[in-house]
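Please read these numbered points with the sequence and the structure side by side. They begin with the chain as a whole and then turn to single elements and residues.

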Amino acid sequence: MKILVPVDGSDYSMKALQKAKELGEFYKAELTLLTVIDSGRFVSVDFKQDMINASIEAGQELLHKSALTLEGYPHGVKTTYRMGDIANEIIAMAEDNKFDLVVMGSRGLGVFTRALLGGVSHKVVTHVNTSVFVVK
């Protein structure tokens, strides 16, 4: 079994990470931690590549810290990042890699984006073909 866990550093995603660990231990599942760098926010920035590089570095640090909270997890932990629309990248990752479950927080860091787009978790639940466990 494979579980995908999108993380963004918010309290909700950290709670989701802990729930994924519990579920993973029960089902003996490999966990994959994913962070998505929202490349859409860099469209009109003059120093776009510097911003992207800084975001990638921050994403890798977030993944490293998140993986450390799973130290000793017996069924395997992988980390990866993607760039693009957050919900679309989570959906693509879940479906392309045939994950059995996505465990994610009900809210993330992007308050403005959530209000504008209706929420990443809502979009994922609505459009992904994989089961989703949403942690409040």
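Predicted model: local features only at pLDDT ≥ 70, side-chain atom pairs only at ≥ 80, totals over all residues.

1. Helices and strands are named here as DSSP runs, a helix needing at least four residues and a strand at least two, and they are numbered from the N terminus.

2. Of its 136 residues, 37% count as buried. Among the contacts between residues at least 6 apart in sequence, 78% join residues at least 24 apart. The chain exposes about 7800 Å², of which carbon and sulfur atoms supply 51%.

3. In what order do the strands of the sheet stand? The 5 strands form an open sheet in the order β3-β2-β1-β4-β5, and the pairing is parallel. The strands β3 (77–83) and β5 stand at the edges with a single partner strand each, so one side of each has no neighbour in the sheet. Neighbouring strands of this sheet are turned against each other by 25 degrees on average, if direction is ignored.

4. The strand β1 deserves a careful look, since it is mostly covered, with 4 of its 5 residues buried. On one side, 5 bridges join β1 to β2 in a parallel arrangement, and within this pair Val5 stands opposite Leu33 in β2. The strands β1 and β4 also run parallel and are joined by 2 bridges, while Ile3 stands opposite Leu101 in β4. Helix α3 (residues 86–96) packs on the sheet, where it touches β1, β2, β3 and β4, and its direction makes about 150 degrees with that of β2.

5. Does the length of helix α1 agree or disagree with what its residue count leads one to expect? Helix α1 covers residues 11–27, which is 17 residues, and at 1.5 Å a residue it should span 24 Å; since its end C-alpha atoms are 24 Å apart, the two values agree.

6. Which residues of α1 are buried? They are Ser13, Ala16, Leu17, Ala20, Leu23 and Gly24. Seen down the axis of α1, the buried residues fall within an arc of 130 degrees, so they line one face of the helix.

7. Most residues other than glycine have a negative phi. Lys28, which follows α1, has a positive phi of about 55 degrees although it is not a glycine. Lys98, in the loop between α3 and β4, likewise has a positive phi of about 55 degrees without being a glycine. Are these two residues buried or exposed? With exposed meaning over 50% relative accessible area, Lys28 counts as exposed because its relative accessibility is 60%, and Lys98 counts as exposed because its value is 65%.

8. Thr130 lies in the loop between α5 (120–127) and β5. Because buried means under 20% relative accessible area, Thr130 is buried, its relative accessible area being 12%. Leaving aside neighbours within four places in sequence, Thr130 is in contact with Ala94, Glu95, Phe99, Asp100, Leu101 and Val102. Thr130 and Leu101 are 29 residues apart along the chain, yet their C-alpha atoms are separated by 6.0 Å.

9. Finally, what does Ser121 touch, if residues up to four places away in sequence are not counted? Ser121, found in helix α5, touches Met104, Gly105 and Ser106. At 12% relative accessibility, Ser121 counts as buried.

Notes:
Residues numbered from 1 in each chain as written. Heavy atoms only, no water. Expected span 1.5 Å × (residues − 1). Buried < 20%, exposed > 50% of the residue type's maximum accessible area, 1.4 Å probe, protein only. Arc of directions from axis to C-beta. Contact = heavy atoms within 4.5 Å. Pairing = 2+ DSSP bridges. Axes fitted to C-alpha atoms, helices over the stretch in contact; angles between N-to-C directions. Areas by Shrake-Rupley, 256 points an atom, 1.4 Å probe, with all protein chains shown as cover.
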